[in-house]
Amino acid sequence: MFRAILTSRLQSAFTAAGIELPEGFLPNVVIASDTRYGDYQSNAAMTLAKQLKTNPRALAEQIKAALRVEDLCEKITVDGPGFLNFTLSAAALAQRLAVIVKDDHVGVPQVEQARRIVVDFSAPNIAKPMHVGHIRSTFIGDSLARIARFIGHQVITDNHIGDWGTQFGMILHGWKTILHHEALDKDPIQELVRVYKAVNAQTKADEAVLTTCRTELVKLQQGDPDNMEIWTRCVALSLEQLRQIYGKLDIHFDHYLGESAYNDKLAPLVEHLLTSGIAEISDGATCVFFRDVPELADKPCLIRKSDGGFLYATTDLATIDHRIDEWKADEIWYVVGAPQELHFRQLFQVAKKRGQNTRMQHVAFGSILGQDGKMFKTRSGESVGLLEVLAEAIERAAAVVAEREGLTDLEKIQIAEVIGTGAVKYAELSQHRMTDYKFSWDKMLALQGNTAPYLINAYVRTKSIFRKLDAEITLTPELTITEPAERALALKLAQLAEITHDVLLDFRPNLLASYLYELADTYHSFYEACNVLRAEGAVRNTRLTLCEATSRVLKTGLGLLGIQTTERM
RNA sequence: GCACCCGUAGCUCAACGGAUUAGAGCAUCUGACUACGGAUCAGAAGGUUUCAGGUUCGAAUCCUGACGGGUGCGCCA
């Protein structure tokens, strides 16, 4: 917010000072990393001086003289090689504070042009349990969707579940030969996984079993009624369990359009790509070549096997058509692991050849590794179930909550769920998405330090103060920010707008997580330094307003990470 | 073989062209409880940012090359 205003004031200053700007030059303003120099800073004079071949400090002084920011800043200085440093006035900060406590979006402006954005994330496979490997796509995707929606975009979330792959050949064969129906009733997913693994092992030992599985798959794809019925039951059973998990996680999708939804689109799609000359036959398979793209010159995209079967890329192309034609998507974000980078590069190139100009973005992320430093493999190395992680997290939180007094048993359960689930989400989202990390129970479930409970505790402290008030209180606009701790907090509170903007620039929720941690930290310090309830008059009103604003920004910000809050803990 | 990602305190991670002093958390060590909720705060200690060159007023960040780790590369998804 302040950053945007300062940026536009700088631009006006260039005009006022008669400085000729090079083509496409935009002044850069950032939140100061070290507040000793000011609250915001710009290196515009330095980059500009380089291009205009003049002295950066002199240019900075010239810009400073032309700047009209008296309503915002109490001080502007030119420092070092030519930095412009801005220190906001207490009045400007107070004004922001007043907006934050009453605005629905806690002072974050809505985008001028709303885009229609499809966010594709989570995408688990049917008949397999969700494990820790699904954490990243699910949490990052959910958070990005929430943030985009919050700043005013039209967001469509779509869970592109894997409900049609070749693994069904094995499940069908297993269902017919080794399924235990009692076990299926008791725990469907567990039984399906057992069957899948058993058949998978059989195929390794016996080539004939693999052939049988392929036959079962072909029958399914041709609409064989028996196989269709088994498939339908598998999907229903899996979806039931998935919805249960998403419910616990407070994650909701607008659509569950799995791979199977596009079955009848695939043949015509390939046909059309052939007749339009985009695809060609090579070694019996249908491929799209990218001879004009050097990096992809020897990496064609296969869209139909020589046996007539369709592939991953085929379904994805049909999915793109649906999202553009039916949903009128301006953008599609794929929150999918980094190993699939090549696939998406090919996919986007095919879309380009087809004249689809929708912005497509692969939001890649690193892998969660086992203790051996290798990727979790669903088939070989056992991964840890997502439900198991959540249960353990809630249990550990419950152990701490149990010691509290003045809470009912029901409240304790609810608090433990909020904190346990929040801890797991925060552990993921506070990390840079490209970083590979080793799965660790202690890291995932930590309750001390830079964790969700720390942030939620700050929120609880804001609420606790208002509970202590004897009567309903009406906050007035009479604000007097004087103490350093008050000022630091007011400044932090004003920066959510900048942060949400930056998050979407690079698809990085960890920036928001880190901002919220700093906000909570700043609040805790303020809390120690400035007593609220014993203060009087305008000082008390100011501090209460700071508490209310912190409360709102924390709740909103955590909500954007998909993390809930609780009034007590 | 080629391509992409990664290498930062003992450990787990931030910072991704900006500042004399590269930040946090955990672990270690000092302090602060007749408490606006201690799941807290104030502080100490801990790093040639894998290495070698280069670009720049300025590099953990950009470029080149090593070394180390991971992933991917026409009929899986």
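This is a predicted model: local features need pLDDT of at least 70, side-chain atom pairs count only at pLDDT 80 or more; totals for chains, interfaces and linings use all residues.
So, how are α6 and α8 oriented to each other?

Okay, the helix pair. α6 covers residues 167–177 and α8 covers 188–205, and they pack at an angle of about 100 degrees with their axes 8 Å apart. Anything from 65 to 115 degrees counts as roughly perpendicular, so that's what α6 and α8 are to each other. Who's touching whom? On the α6 side we've got Gln167, Met170, Ile171, His173, Gly174 and Trp175, and they meet Leu192, Val195, Tyr196, Val199, Asn200, Gln202 and Thr203 of α8. Sort that contact by class and you get 7 nonpolar residues, 6 polar ones and no charged ones.

Zooming out for a second, chain A is split into domain 1, residues 2–88, and domain 2, residues 167–249. Their centres, taken over C-alpha atoms, sit 64 Å apart.

Next, the sheet. It's an open one with 3 strands, ordered β7-β8-β9 and paired antiparallel. β7 (279–282) and β9 (301–304) are the edge strands with a single partner each, so each has one side without a neighbour in the sheet. On average, neighbouring strands here are turned by 45 degrees against each other, ignoring direction. Between β8, residues 285–288, and β9 there are 3 bridges, and threonine 286 has arginine 304 in β9 as its bridge partner. Lying across β7, β8 and β9 is helix α11, residues 263–275, at about 95 degrees to β7.

Last stop, α19, residues 496–506. Its buried residues include Leu496, Ile499, Val503 and Leu504, and Glu498 is buried there too. Just after α19, phenylalanine 507 has a positive phi, about 55 degrees.

Note on methods:
Residues are numbered from 1 along each chain as its sequence is written. Chains are lettered from A and ligands numbered from 1 in the order in which they are written. Side-chain values use heavy atoms; hydrogens and water are left out. Buried means under 20% relative accessible area, exposed over 50%, partly exposed in between (1.4 Å probe, protein chains only). Helices (H or I, at least four residues) and strands (E, at least two) are DSSP runs, numbered from the N terminus. Domain bounds come from an automatic or database domain assignment. Axes are lines fitted to C-alpha atoms, for helices over the stretch in contact, and angles run from 0 to 180 degrees between N-to-C directions. Angles under 35 degrees count as roughly parallel, over 145 as roughly antiparallel, 65 to 115 as roughly perpendicular and the rest as oblique. Contact means heavy atoms within 4.5 Å. Ala, Val, Leu, Ile, Met, Phe, Trp, Tyr, Cys and Pro count as nonpolar, Asp, Glu, Lys and Arg as charged, and the others, Gly among them, as polar. Two strands pair if DSSP finds at least two bridges between them.
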